[in-house]
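Here is a short briefing to read alongside your structure.

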Amino acid sequence: MSQETPLQDPLRFHRKAPPCAVVIYGANGDLTKRKLMPALYRLAYEGRLAPGFAVVGVSRTAMTNDEFRDRMKESVKKFLEDSPFDEDLWHSFAQGLSYVAGDVGDPASFGEVAKHLAVVEQAHKTEDNVLFYLSTQPSQYAEIAEGLAAAGLNKGKGWRRIVIEKPFGHDLESARALQARLQKCFNENEIYRIDHYLGKETVQNIMAFRFGNGIFEPLWNRTYIDHVQITAAESIGVEGRGAYYQEAGALRDMIQNHLLQVMATVAMEPASSFTSDAVRDERAKLLRAIRIMRPDQVADNAVAGQYGPGRSGSERVVGFRQEKGVSPDSQTDTYAAVTFLVDNWRWAGVPFYIRTGKALPKRVSEIAIQFRVAPLAMFRKATAGAETVPNMLILRIQPEEGISLKFVSKRPGSGMQLRPVSMDFNYGSSFGERSPSAYETLLLDAISGDATLYTRQDMVEASWTAVQPIMDYWTTQKFNFPNYEAGTWGPKEADEMLARWGHTWRKP
Amino acid sequence: MPAVEAIKPDKILKELGELWTNIGKPESSDEESQDGGVLRACAMTLISFVDDEEDAAALSETLAVLMKEHPSRAVVVRVKEGEDALSARVFAQCWMPFGHRRQICCEQVEITASMDRLADVAAIVAPLAVPDLPRVILLRSARVVRAGAIRKILPLGDKIVVDSARPGAPGFGELGGLLDAGHIAGDLAWTRITETRSLLAQILEGRKAANITVEYDGKEAGPETRYLHAWLESCLPDTRVALKGSGTAACGKPRTIRVDSDLTIQLTRGCAEIERGDVHQWANLPVGTDEELLNAELNIVVHDHIFERVLNQITA
């Protein structure tokens, strides 16, 4: 929506979606039920959707429109977070829901969708704008895009966009192959690659923190920052998703996409403006600046782990190899830790440690920026070395989103005794209002044509390029798994990796 | 008549300091209690003027809701008729966010003053404002609006918020006066039509309308209707924008907007029904509670040029 029109009031109006139809492939799947439909309903609740809005569900299951609406209603009631369910609102929202049964393997099914969309356009005045959301197996992305193009659905009087979820390929080569097929059907600016981590409020807040304040950016470089630790820990194991996870692993599932995007957000240069391409250009530049490891460097800079039996709190947890659907000699990494270096003037020589894992002691995602210690230890004699504690800035992504600054302070009383203290900013307490879910933000962005928080193909390729040598090296190794107990902070090799730099992992 | 005890801002600030020392102390010596503690939160000074008769619980509830989005040092001035009175007390409002271990607390100063002491109130409140943060005055007291002392009170705030739809509240004339004096002003009657305006902006975008009629319930257009009418007129100078009342006894709120002969937008509580020829559409139109409207207004501590333009058009 243009901000130039005379009726607009940018100071007060919330962004509203333009009229459109959202076509969800995989409409009977888990993602649609748990995330997409609750997010769309919530957008309707907040009055963000245009009067001309419709959702078309597509999947193989035979269903009537009413049956689809009933299923979606149950899902919204069950999975709607921090929001009331309003029966009247649902009634109105559901008028825009309809369903088409079809198998993506059958070319005729795309013709059926085209016919149905024409009816939807007549009934709801969606201005022929269509967002195709592929909530399907990644292996079907290219096939669906080609089916849409063959049926002429990739072009119309209004705009056409296609949203796909990670993984975008399973390595650099397959990512490029996928792109080659997608770009024959849709232009790059019509392809929205969703990374729900970037939709999280606190990840977006990293940019506000860095570029909305004047005091931090001067310190944000190799002169003042010693190293950066990015942690995404899960306290649970794979919990029944062993078969899927066995094909992915921690490096592919988390580091290649989510955590490298987070790292790019932390380390990128300021964009010239907060526009989609300006921000993504800077993220992409940072990802391209990551030093690519030679095969002989991987062992020292990347650690794979897999959990064995252990405890999560008071509960006993089975090892990964004992999970259903997992091979008893699986070589899948349920833990990965990597040291990345960035070859640019700002970050030369500053290690970025990234780790992620299942069955770790707690669920926490955070970025810890450790500053260099004060150049002169003038209080050493009086404080038993307390002043050598480095300052640390913690950007917590979950669970309690916020920012903490650790520094030393004088203890009350005579003498000069120092002790570390923490200054906390708690996102939830300073802003009591409800934060939108990542999917609400990202769906509204896609419908509004704002791709700032979506991943571009050059970013996808740059992040695959950064992890490809690690994947290649690991496939040549036979790991002695399991190498960490469930409920612990990962294998000892990860500690040794940091010890080589004189660092230790923070225990969040 | 007994002399009223003098109130010193320094003493109030000292009491606030002591208050925080006390509520920051753990209730027990166990480790969990010490881990939790309280978080002092403050993003602005919110100065509310209310008539003493106003339900204390209602105001307290409003402030408690506001605190969550706009943690502030709240200064509540209760204005009463009658004898010489001036007193103050300090306390904190705390809440425990769901799933957290640490309480969040905001401080509150309550001042009770008779009309003849309003001039003193300005001298007490000014030093209580938190430095470097916005100061917003919420003017709910009809008495204060009428009082001469208001000239001393208004400079205390960076922004003055009123609700012209409330009985006895400042009207368009007083609001215009605030703007003329260079104040930032906000009116909840204007905030109340934000969602309706936003919907109209979306529906009318790119459309050249020749005639728009804003229909309202009642014999006289209420503030919301007048704002809506003036806004449309100011934004669409080539469109004839008319007002039409139902003539019944009602509060003058906007009910239907007719655009030329082919588009009707019916405003019912919480929703808008849109008829375009044979297409019938619907849009959710969230109705803001007073607290939500205030929250929205507290987000804007700068001149709102669109509001000011519309208000000037009404008062011209």
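Which strands does helix 16 of chain A lie across? Helix 16 (residues 492-499) of chain A lies across strand 7 (225-233), strand 8, strand 12 and strand 13 of chain A, running at about 10° to strand 12 of chain A. Please note that this is a predicted model, in which local features need pLDDT of at least 70 and side-chain atom pairs count only at pLDDT 80 or more, while totals for chains, interfaces and linings use all residues. Residues are numbered from 1 along each chain as its sequence is written, chains are lettered from A and ligands numbered from 1 in the order in which they are written, and side-chain values use heavy atoms, with hydrogens and water left out.

**The sheet and its helices**
- Helices (H or I, at least four residues) and strands (E, at least two) are DSSP runs, numbered from the N terminus.
- Chain A has an open sheet of 8 strands in the order 8-12-13-7-14-15-16-17, with mixed pairing; two strands pair if DSSP finds at least two bridges between them.
- Its edge strands are strand 8 (302-305) and strand 17 (418-426) of chain A, each pairing on one side only.
- Strand 15 (residues 392-398) and strand 16 (residues 402-410) of chain A pair in the antiparallel sense over 5 bridges, and Leu393(A) has Leu405(A) as its bridge partner.
- Helix 7 (residues 201-211) of chain A lies across strand 14 (364-371), strand 15, strand 16 and strand 17 of chain A, at about 145° to strand 15 of chain A.
- For these angles, axes are lines fitted to C-alpha atoms, for helices over the stretch in contact (heavy atoms within 4.5 Å), and angles run from 0 to 180 degrees between N-to-C directions.

**Aromatic pairs**
- Rings of Phe, Tyr and Trp (its six-membered ring) pair if their centres lie within 6.5 Å; planes under 30 degrees apart count as stacked, over 60 as edge-to-face and the rest as tilted.
- The pair of Tyr245(A) and Phe320(A) is edge-to-face because the ring centres are 6.2 Å apart and the planes are at 75°.
- Tyr245(A) is in helix 8 (residues 242-248) and Phe320(A) in the loop between strand 11 (315-317) and strand 12 of chain A, so the pair ties together parts 75 residues apart in sequence.
- Tyr245(A) is buried (under 20% relative accessible area; exposed is over 50%, partly exposed in between; 1.4 Å probe, protein chains only), at 2%.
- Phe320(A) is buried too, at 0%.

**A buried arginine**
- Arg346(A), in the loop between strand 12 (335-340) and strand 13 (352-357) of chain A, is buried, with a relative accessible area of 14%.
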